[in-house]
Every structure is written in C-alpha cells, then in structure tokens.
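Have the viewer open while you read.

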Amino acid sequence: MKAKQILDAEGTNTRVVSMPSTSVFDRQSLVYKSAVLPDMQRKRIAIEAGATAFWRQYVGLDGAVIGIDRFGASAPAEQLYEYFGITVENVVKTARAL
C-alpha cells in the first residue's frame, strides 16, 4: 500500500489486488476475473514471500514477481524481506521499470 501511495503521488495510476486464495479466484467467472485483472492492464507486479513462478500466470509476460525463490533462508522477516527485495523501495523501482 505504501508503494501504491508513492506511485500514485508520482502520477502512476495503480491498483492493489489482494488474492489470498488463487483457487477461489480461478473458480470465478471470466467477467469477474477480467474486472479484477483486466487484459489491457499488462504491467502487473505480484509480491509473494514465497516461490514466484506460480504468480507468472497472473502477471503475464509483461509483469514482474517479487519474492523468494529458494528454501532455507533463516533470519527475522525484516532482514529476509530486505535481502530478497520485498520492500516498498523495490516495488516502486520495479513498477517504474515496467
């Protein structure tokens, strides 16, 4: 949400979509899914504190996924997020690059 505030203040119109259950989302009608993730909106970023490959189906080829793609890192969450780029700053940077 902080990244959205920064980007919106810069004039980049953004939306935040929370998808706590992809299986529930996938069962929805095409009309609903298209309203949430419009085909014309191709610059998408998924943020996941876990494996990123799964999220490619939602961000598409023109999107980006920020997350952790390996197992075994151990540290306080704040340190892991900083190390793997799960930060407001990196989300803003990634959005600008798209």
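## Ground rules

This is a predicted model, so to speak of local features a pLDDT of at least 70 is needed, side-chain atom pairs count only at pLDDT 80 or more, and totals for chains, interfaces and linings use all residues. Residues are numbered from 1 along each chain as its sequence is written, and side-chain values use heavy atoms, with hydrogens and water left out.

## The aromatic pairs

There are six aromatic pairs in the structure. For a pair, the ring centres of Phe, Tyr or Trp (its six-membered ring) must lie within 6.5 Å; planes under 30 degrees apart are called stacked, over 60 edge-to-face, and the rest tilted. Take Phe 25 and Tyr 58: their pair is edge-to-face, at 6.0 Å centre to centre with 70 degrees between the planes. Phe 25 sits in helix α2 (residues 22-26) and Tyr 58 in helix α4 (residues 56-59), so this pair ties together parts that are 33 residues apart in sequence. Helices here are DSSP runs of H or I with at least four residues, numbered from the N terminus.

The cut-offs are under 20% relative accessible area for buried, over 50% for exposed and partly exposed in between, using a 1.4 Å probe and protein chains only.

Tyr 58 also pairs with Phe 54: the ring centres are 5.9 Å apart and the planes are at 55 degrees, so that pair is tilted. Phe 54 counts as partly exposed, at 41% relative accessibility. Ring pairs link Phe 25, Tyr 32, Phe 54, Trp 55 and Tyr 58 into a cluster.

## Val 17, between α1 and α2

Val 17 is in the loop between α1 (2-9) and α2, and at 35% relative accessibility it counts as partly exposed. Leaving aside neighbours within four places in sequence, Val 17 is in contact (heavy atoms within 4.5 Å) with Val 36 and Leu 37. As for Ala 3, 14 residues apart from Val 17 along the chain, the two C-alpha atoms are separated by 13 Å.

## Thr 87, between α5 and α6

Thr 87 is found in the loop between α5 (77-84) and α6 (88-97). With 14% relative accessibility, Thr 87 counts as buried. Not counting residues up to four places away in sequence, Thr 87 touches Tyr 81 and Glu 82. What does its side chain reach? The side chain of Thr 87 reaches the backbone nitrogen of Asn 90, at 3.0 Å.

Conventions:
Helices (H or I, at least four residues) and strands (E, at least two) are DSSP runs, numbered from the N terminus. A polar contact is a pair of N or O atoms within 3.5 Å; within protein, one must be able to donate a hydrogen and the other to accept it, and residues adjacent in sequence count only if both atoms are side-chain atoms.
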